[in-house]
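The sequence and the structure are shown first.

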Amino acid sequence: MNTIITIGRQYGSGGKEIGTKLAQYYNIPFYDKELLKVAAKESGICEEMFENFDEKPTTSFLYSLVMDPYALGYNATSFDMPLNQKVFLASFDAIKKVADEGPCIIVGRCADYALKDYDNKLNVFVHAPMSFKKSRIQEQYEIPEAKVKDVAIKTDKQRASYYNYYTSKKWGDLKSYDLCIDSSILGIDGTIELIKQAVALKEK
């Protein structure tokens, strides 16, 4: 197993669960929120900043201006670019760092774009109809049924805005990925099996 798997996903489609189970199967590292710790450690930017900007649209210039000195100290580079840009670039470097260490699975955070020059990657996008996602969201995140759809739509809009802003591609667009899978068709375990087959064929 020498493949890095990146997983873009709609909220509630099971992308994180799929990534976790694949990582367990291959016995390789899994990065979702864990990537924020790596980025914070490598960059020296406090982890809270990564959490604030994590897969969210760019925040106001005023917020960046106010928070910047506290996050990075008064050094020469602090005022060269907005904080959100620096946080993204630090995440970008962290993605490359973990990829250079060997095969792994990375969920979200424009990993497919960050690793665009890596030949040993498989870019997957997991999606599903709202009817499938609603029950998963209710069960896993304990969100009231009346709010599930709104939360799902808002979260996906944030992810799309983040991805579209920082990459030259479109979130969820077929052309942006190697494999797009509707997890409701085969179920979570079936989707995992399909990705395993794709990895095996790629590594041949």
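## Salt bridges: overview

The model described here is predicted. Ten salt bridges are present in the structure.

## Overall fold

Nine helices and five strands make up the secondary structure of the protein. Read from the N terminus, the order of elements is β-α-β-α-α-α-α-β-α-β-α-α-β-α.

Of the 204 residues in the protein, 49% are buried. When contacts between residues at least 6 apart in sequence are considered, 69% of them join residues at least 24 apart.

In soluble globular proteins, nonpolar side chains tend to be buried together. The largest nonpolar core of this model contains 26 residues, and those with the most contacts inside it are Tyr31, Leu35, Ile95, Val98, Ile106, Cys110 and Leu115. At least two residues of this core come from each of the helices α2 (34–43), α5 (83–100), α6 (111–114) and α8 (145–166). Helix α5 gives the most, with six residues.

Beyond its neighbours within four places in sequence, Val98 is in contact with Tyr31, Leu35, Val38, Cys104 and Ile106. Another core, of 19 residues, lies apart from the largest one and includes Ile5, Ile105, Ile188 and Ile195.

Asp189 and Lys21 form a salt bridge through their side chains, with an N to O distance of 3.5 Å. This pair links distant parts of the chain, since Asp189 belongs to helix α9 (residues 183–203) and Lys21 to helix α1 (residues 15–26), 168 residues apart. Lys21 has a relative accessibility of 32% and therefore counts as partly exposed. Both residues also belong to a network of salt bridges that links Glu17, Lys21, Arg136 and Asp189.

A second salt bridge connects Arg109 with Asp32, and their closest N and O atoms are 2.7 Å apart. Arg109 is in the loop between β3 (105–107) and α6, whereas Asp32 is in the loop between β2 (30–31) and α2; the two residues are 77 residues apart. Both Arg109 and Asp32 are buried.

## The α7 and α8 pair

Helices α7 and α8 pack with their axes 10 Å apart and at an angle of about 110°. Because of this angle, α7 is roughly perpendicular to α8. On the α7 side the residues in contact are Met130, Lys133, Lys134, Ile137 and Gln138; on the α8 side they are Glu145, Val148, Lys149, Ala152, Ile153 and Asp156. By class, the contact comprises five nonpolar, one polar and five charged residues.

Which side chains meet in a salt bridge at 3.8 Å, N to O? They are those of Lys133 and Asp156. Residues under 20% relative accessible area count as buried. Lys133 has a relative accessible area of 5% and is therefore buried. Asp156 is likewise buried, because its relative accessible area is 10%.

How values were computed
Residues numbered from 1 in each chain as written. Predicted model: local features only at pLDDT ≥ 70, side-chain atom pairs only at ≥ 80, totals over all residues. Heavy atoms only, no water. Core = buried A, V, L, I, M, F, W, Y, C linked by side-chain atoms within 4.5 Å. Buried < 20%, exposed > 50% of the residue type's maximum accessible area, 1.4 Å probe, protein only. Helix = DSSP H or I, 4+ residues; strand = E, 2+ residues; numbered from the N terminus. Contact = heavy atoms within 4.5 Å. Salt bridge = Lys/Arg side-chain N within 4 Å of Asp/Glu carboxyl O. Axes fitted to C-alpha atoms, helices over the stretch in contact; angles between N-to-C directions. Parallel < 35°, antiparallel > 145°, perpendicular 65-115°, else oblique. Nonpolar A, V, L, I, M, F, W, Y, C, P; charged D, E, K, R; others polar.
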